[in-house]
Amino acid sequence: MAIENVQQLLTEQLGKNPGTEILTGTDAVTSKDFYCVYFPVETVVSVLKVAGVAEAGLQTTFSAGVSLFLNVTDITLTSGTAICYNEGPTT
């Protein structure tokens, strides 16, 4: 979806939908629709699935302050913290 105006862009940047999820430690979520994942501290991720991309094994460390603007559907942490921003309304 293309950004249509400045207001829509600001809404995207500020967390457009309620229900932002904070993952810590060894948390995992599946079948979600996140448009951004932010890592406030160094975080090790063992699973990261992105919509429309072939699944690949991943174990990587993200430095503190990294933001991923991707359509993340599944994420599993080994350690650290991730703030996940929902694309759609929560149910």
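Is cysteine 36 buried or exposed? Cysteine 36 is buried, with a relative accessible area of 4%. Buried means under 20% relative accessible area, exposed over 50%, and partly exposed in between (1.4 Å probe, protein chains only). This is a predicted model, where local features need pLDDT of at least 70, side-chain atom pairs count only at pLDDT 80 or more, and totals for chains, interfaces and linings use all residues. Residues are numbered from 1 along each chain as its sequence is written, and side-chain values use heavy atoms, leaving out hydrogens and water.

**Cysteines**
- A disulfide is a covalent bond between the sulfur atoms of two cysteines.
- The rule asks for a pair of cysteine sulfur atoms within 2.5 Å, and the count is zero disulfides.
- For cysteine 36, the closest cysteine sulfur is in cysteine 84, 8.7 Å away, which is too far for a bond.
- Cysteine 84 is buried, at 0% relative accessible area.

**Aromatic pairs**
- Rings of Phe, Tyr and Trp (its six-membered ring) pair if their centres lie within 6.5 Å; planes under 30 degrees apart are stacked, over 60 edge-to-face, and the rest tilted.
- The count is two aromatic pairs.
- Tyrosine 35 and tyrosine 85 form a tilted pair, 6.2 Å centre to centre with 45° between the planes.
- Tyrosine 35 is in strand S3 (residues 34–39) and tyrosine 85 in strand S8 (residues 81–86), so the pair ties together parts 50 residues apart in sequence.
- Strands (E, at least two residues) are DSSP runs, numbered from the N terminus.
- Tyrosine 35 is buried at 9% relative accessibility, whereas tyrosine 85 is partly exposed at 21%.
- Phenylalanine 39 and phenylalanine 62 are stacked, because their ring centres are 4.6 Å apart and their planes at 5°.
- Both phenylalanine 39 and phenylalanine 62 are buried.

Terms used:
Helices (H or I, at least four residues) and strands (E, at least two) are DSSP runs, numbered from the N terminus.
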